[in-house]
Amino acid sequence: MHRRIEDYALIGDMQTAALVCRDGSVDWLCLPRFDGDAVFAGMLGAEDHGFWRIGPFVMEGAPAPYADRRRYRGDSLILDSEWETADGTVRVTDFMPPRDGTPQAIRIIEGVSGSVDMVSEYCPRFGYGQHLPWIYESDGRTVAVSGPDALWLAIPAEAESTEKDGTVRSAFTVAAGDRLVFTLGWQSSHRGAPDLPDGFAALTATEEFWRGWVAQCTYEGPYREAVVRSLITLKALTYAPTGGIVAAPTTSLPEEIGGVRNWDYRFCWLRDSANTLSALLLTGYGQEAEAWRRWLLRAVAGDPERLQIMYGVGGEREMAERELCWLPGYENSRPVRIGNGAVHQLQLDVPGAVVETLFTAHERGVARCDESAVLIERLVGYVRRHWREPDDGIWEVRGGRRDFVHSKVMLWVAVDRAVRLVEDGVLEMDLAELMALRAEIHADVCARGFDPERNTFTQSYGSRELDAALLLIPAVEFLPPDDPRVVGTVDAVMRELATPDGLVHRYRTAGPEAGADGLPGDEGTFLLCSFWLVDALVLTGRRAQAQALFEHLLELRSDVGLLAEEYDPVAGRGLGNFPQAYSHLSAVLSAVRLAGTEREASAA
């Protein structure tokens, strides 16, 4: 199964998500949550590991044709795919209704013109493709059971279905005007059948939900279509019951084809979630910020000394990493991992990201709460006790702790935002003590993290290596954008970490002076870092260059507007887990920043 990552589109119900390929195959779906076991894991292996394809009939052994066109229906997460065949045109509409009970994936097949022979090939494999289910008929539905899980598939009466070796094949024909519905529901296997929704009513309700949610968006600047699509994607990655936000709905999509840099992103990183909320706040979504704040307070549980970099969508602390040896991986990129061993790493930038987001929420009018104030006080106390320590850094390196400059800068951010909150009268702390701590951290970074010979900050104290995270120094206001050290750092990153067309690597992974991250192999350019460069160029007065890079980054989106984690400019393809929250939130923040400078230019 050699399908490019960007060949997939996302559908979801804000509790889990599925990836649908251009050929109509659902090759990834975890149930009942984002971090549940996959019932379709073909994306990380072969068809034997689970898939569900609906599309025009082809002879056995022939490749399934890709849709001639596909798009999301307006500003929604409803996917329309159309095939033009010699006999006519057919449309398949895929969506997951916002959940009110058990999860449902609904697929509506509509004849547009002529008469088209169609087929549904349904091959559920539980436990990430490991377990062949028991399949039987009950209450007019096809039931697939394995251990605690059961899938209930409603097949239209017009289809003729057969089952062989755990795969249900349903053949049918659609003529112009015909509309048939397949509905897949999940339920615990010891319970009865889940409710069967009316597919057309569910479609209307889902479309109305997304239309209403997008109507709350306050952003009216340039690139609005891209901003709205990114916001919809971020909303889709939010776990509605708790407000937690996953980094991506997938695991182990590789950072290098055939490589080992394959990680599970179906968890809530505090840093990623915090920055996502900043993007949502800046575009009018205060309700999501309030929900995340409640999730944060529950997850952290008031003890910064035990602060983790990530949690489960319900606030879980344990996510043991293990390898699934039966899955060959996406394009033979092994190992496939579930869980994430970085959970217990020390990443000292996280308190700064959290306090910064709570500060932004305050600026955007989210009501103050005593619990948040207490958390900020405790996080600042944590900073006071630990800021001199080395850590594992933002990139979760597995090559040993260092004094990463970005981490120190974000520790300064935590204290700086606390100072501002005290000055605004919403936080009660010793202002003089805070200002002294802020100055001490600032002086330490400038003295030990800056290379005066090259006029650039460095990845870590005493290192000559660069790090794309240094581009955030002006954005977080550690130094003013016109400071020569800032301009020098931006220029150095462009010179040493960027490709000729501006795509940025996190840091160098090869060569005699490369930063040792403890991992073999290489990786693509990081879209997140490339958007950071957009911001840094805007701030340092190079708006035209920033706009050109931003527009180039938009060209790297898939045909339905989705962004991967990384991009391989040589192979011209996306890499890493998909779609990636950090890439989308950074697109929103860069668009907002460009819009601000556009208004300033117009006013001048």
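Q: On a 1 Å grid over the protein atoms alone, a pocket is an open set of points with protein on both sides within 12 Å along at least five of seven lines. What volume does the largest pocket have?
A: The model is predicted: local features need pLDDT of at least 70, side-chain atom pairs count only at pLDDT 80 or more, and totals for chains, interfaces and linings use all residues. Residues are numbered from 1 along each chain as its sequence is written, and side-chain values use heavy atoms, leaving out hydrogens and water. A volume is the space filled by probe spheres set on the grid points, which are joined across faces, edges and corners. The largest pocket comes to about 970 Å³.

Q: Which helix gives the most to the lining of the largest pocket?
A: The lining (residues with an atom within 4 Å of a point) has 37 residues, with Leu 282, Glu 356, Ala 475, Leu 589 and Arg 593 nearest the centre of the largest pocket. Two or more residues come from each of helix 4 (270-282), helix 6 (350-363), helix 8 (405-423), helix 10 (472-475), helix 12 (527-539) and helix 14 (581-603). Helices (H or I, at least four residues) and strands (E, at least two) are DSSP runs, numbered from the N terminus. With 11 residues, the top contributor is helix 14.

Q: How many residues in the lining of the largest pocket are charged?
A: Asp, Glu, Lys and Arg count as charged; Ala, Val, Leu, Ile, Met, Phe, Trp, Tyr, Cys and Pro as nonpolar; the others, Gly among them, as polar. This lining holds 17 nonpolar and 8 polar residues, and the charged ones number 12.

Q: Which strand supplies the largest share of the lining of the second largest pocket?
A: The second largest pocket has a volume of about 540 Å³. It is lined by 20 residues, and closest to its centre are Glu 47, Glu 60, Gly 61, Glu 121 and Arg 169. Strand 5 (51-56), strand 9 (104-123), strand 13 (160-164) and strand 14 (167-175) each give two or more residues. The largest share, 3 residues, belongs to strand 13.

Q: What is the volume of the largest cavity?
A: In a cavity, a 1.4 Å probe fits but cannot get out. There are 5 cavities of 30 Å³ or more. Tyr 265, Trp 395, Glu 396, Arg 506 and Glu 565 lie nearest the centre of the largest one, among 25 lining residues. Its volume is about 360 Å³.

Q: How many charged residues line the second largest cavity?
A: This cavity holds about 150 Å³ of space. Of its 14 lining residues, Leu 358, His 362, Arg 368, Ser 372 and Ile 376 are nearest the centre. Helix 6 and helix 7 (370-386) each give two or more residues. The lining divides into 10 nonpolar and 2 polar residues, while the charged number 2.

Q: Is Leu 528 buried or exposed?
A: Leu 528 sits in helix 12. Beyond four places in sequence, it is in contact (heavy atoms within 4.5 Å) with Trp 395, Tyr 582, Ser 583 and Ser 586. Its C-alpha lies 9.5 Å from that of Ala 581, 53 residues away along the chain. Because its relative accessibility is 3%, Leu 528 counts as buried.

Q: What distance does helix 5 reach from its first C-alpha to its last?
A: Helix 5 (residues 286-300) has 15 residues. Its buried residues include Trp 292, Arg 293 and Trp 295. The expected span is 1.5 Å times one less than the number of residues.

Conventions: Buried < 20%, exposed > 50% of the residue type's maximum accessible area, 1.4 Å probe, protein only.
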